[in-house]
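Please look over the sequence and the model shown here before reading on. The briefing that follows takes up selected residues, helices and helix pairs in turn.

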Amino acid sequence: MAEFEPPNGGWSGWSQVIASFLTNVCTLGLSNSFGVFQSYYENNTLQSYSSSDISWIGTTQGFLLSIIGIISGPLYDRGYVRHLMYTGTVLNVTGLIGTSYSEKYGHIFVSYGLSLGLGCGALYVPAQATIQTYFTTKAPLANGISMAGSSFGGIIYPILFRQLEESVGFAWTCRILALINCALLVIACLLIRPRSRTESSSTVGSFNWKALWNRDLLLLGVCALLLNTGIDVPYYYISIFVQERLHRSAGGGDSLLAGMNGSSLVGRLTLAWLAKYLEPINIWHFTILGACVLLFCWSSVTSLAGMIAFVILYGFHVGGLIALIPSCVRYFCPDPDVLGARLGLIEAFQGVGFFVGPPIAGAILGTSLGYLGITRRLL
């Protein structure tokens, strides 16, 4: 097993971080930006549909991104990394192109929700799991940098969307985003180099499903499910909140969404760096507490200054919360031969929470409770 010792750096290791970073830009980064699509659809193409109905499109995409990990994780462990990357790239790009031509709810759901979601699901776990086989002591930092791609995508997509939509229209905006994703994902596919395993651990069909039945792992998954029911809600509704409660423009709401992803980037990097010196699970507990307190206070914001403070603090905590999950999985279950499947299992738990959270919030928003009901009932 000496030859399988992780290099813990060098070009071989950091090139995988770059590949994962680019993949996260095009998967989680796009998912974190659905708020701009939500705002656009509510005011244009899907005006006759409720906020809850529209949010099902985005949550389906996020749900598939996570739940497909149950399949992509074991496939990664069996060596089908490139197959997953190529398939995911094609589905990701065609989903955005299909969205550009879709004007009916069903067509948008299939293009953005299903095709894009399946593509993101095929890409996400392999990109994260590959890093774990290249790093040891630097693994939390490598994870933080790679996960920062989702925040970077969450910054650029809302800004690009608003600027392009106003100049070339929605359809061409989606096509340009598809072209950007295509270029970034092709680079990721060229860079990714899954490490060779020993003869005994690479036998096709040898995966042991009992490896997933770990008490600590399952408890981590349940925690991730409960958290994802609530933590992603502001990413969907902050743009609408700013327009309705603070009486700001749609562009202002999109800018604050980008700002929240920007502070998330800082949180991912800072807390991942701290995880080199402290136990990742302890820092994760801290981010959970901070995010829940801030989410509870969200509905009380009545000024732009308060909204900016919320955006900065909430993004910081949620960024660290998400970035530390791969390190927490490795902390409980360090065996590299089943790491992909275990990451996929946790992603599946997250996907279930993500799937139901924003639509529930949208349904509550349509009642007399409004945003107060969202922050209280989700917690």
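Leaving aside its neighbours within four places in sequence, Pro194 is in contact with Val81, Thr130 and Tyr134, where contact means heavy atoms within 4.5 Å. Pro194 is found in the loop between helix 9 and helix 10, helices being DSSP runs of H or I of at least four residues and strands runs of E of at least two, numbered from the N terminus. This is a predicted model, in which local features need pLDDT of at least 70 and side-chain atom pairs count only at pLDDT 80 or more, whereas totals for chains, interfaces and linings use all residues. Residues are numbered from 1 along each chain as its sequence is written, and side-chain values use heavy atoms, with hydrogens and water left out.

- Pro194 counts as partly exposed because its relative accessibility is 32%; the classes are buried under 20% relative accessible area, exposed over 50% and partly exposed in between, with a 1.4 Å probe and protein chains only.
- The C-alpha atoms of Pro194 and Asp77 are separated by 10.0 Å, although these residues are 117 residues apart along the chain.
- His247 is found in the loop between helix 11 and helix 12 (250–274), and its relative accessibility of 67% means that it counts as exposed.
- The phi of His247 is near 55°, a positive value in a residue other than glycine.
- Most residues other than glycine have a negative phi.

**The chain as a whole**

- The chain has 17 helices and zero strands, and 60% of its 379 residues count as buried.
- Among the contacts in the chain with a separation of 6 or more, 85% are accounted for by residues 24 or more positions apart.

- Leu177 lies in helix 9 and, at 1% relative accessibility, counts as buried.
- With neighbours within four places in sequence left aside, Leu177 is in contact with Phe37, Leu96, Tyr157 and Leu160.
- The C-alpha atoms of Leu177 and Ser100, which are 77 residues apart along the chain, are separated by 10.0 Å.
- The axes of helix 6 and helix 9 come within 7 Å and cross at roughly 170°; axes are lines fitted to C-alpha atoms, for helices over the stretch in contact, and angles run from 0 to 180 degrees between N-to-C directions.
- Helix 6 and helix 9 are therefore roughly antiparallel to each other, given that angles under 35 degrees count as roughly parallel, over 145 as roughly antiparallel, 65 to 115 as roughly perpendicular and the rest as oblique.
- Residues of helix 6 that meet helix 9 include Met85, Thr89, Val93 and Leu96, and those on the helix 9 side include Ala171, Ala178, Cys182 and Ala188.
- The residues of the contact of helix 6 with helix 9 divide into 15 nonpolar, five polar and two charged, where Ala, Val, Leu, Ile, Met, Phe, Trp, Tyr, Cys and Pro count as nonpolar, Asp, Glu, Lys and Arg as charged, and the others, Gly among them, as polar.

**Helix 3 with helix 11**

- Helix 3 (residues 34–43) and helix 11 (residues 233–245) pack at an angle of about 50° with their axes 7 Å apart, and are therefore oblique to each other.
- Phe34, Gly35, Gln38, Ser39, Glu42 and Asn43 in helix 3 meet residues of helix 11 that include Tyr235, Tyr236 and Ile240.
- By class, the contact of helix 3 with helix 11 has five nonpolar, six polar and one charged residues.

**Helix 10 with helix 13**

- The axes of helix 10 (residues 215–230) and helix 13 (residues 280–297) come within 11 Å and cross at roughly 25°, which makes helix 10 roughly parallel to helix 13.
- Leu220, Cys223, Leu227 and Gly230 of helix 10 make this contact with Trp284, Ile288 and Leu295 of helix 13.
- By class, the contact of helix 10 with helix 13 has six nonpolar, one polar and no charged residues.
- The buried residues of helix 13 include Trp284, Ile288 and Leu295.
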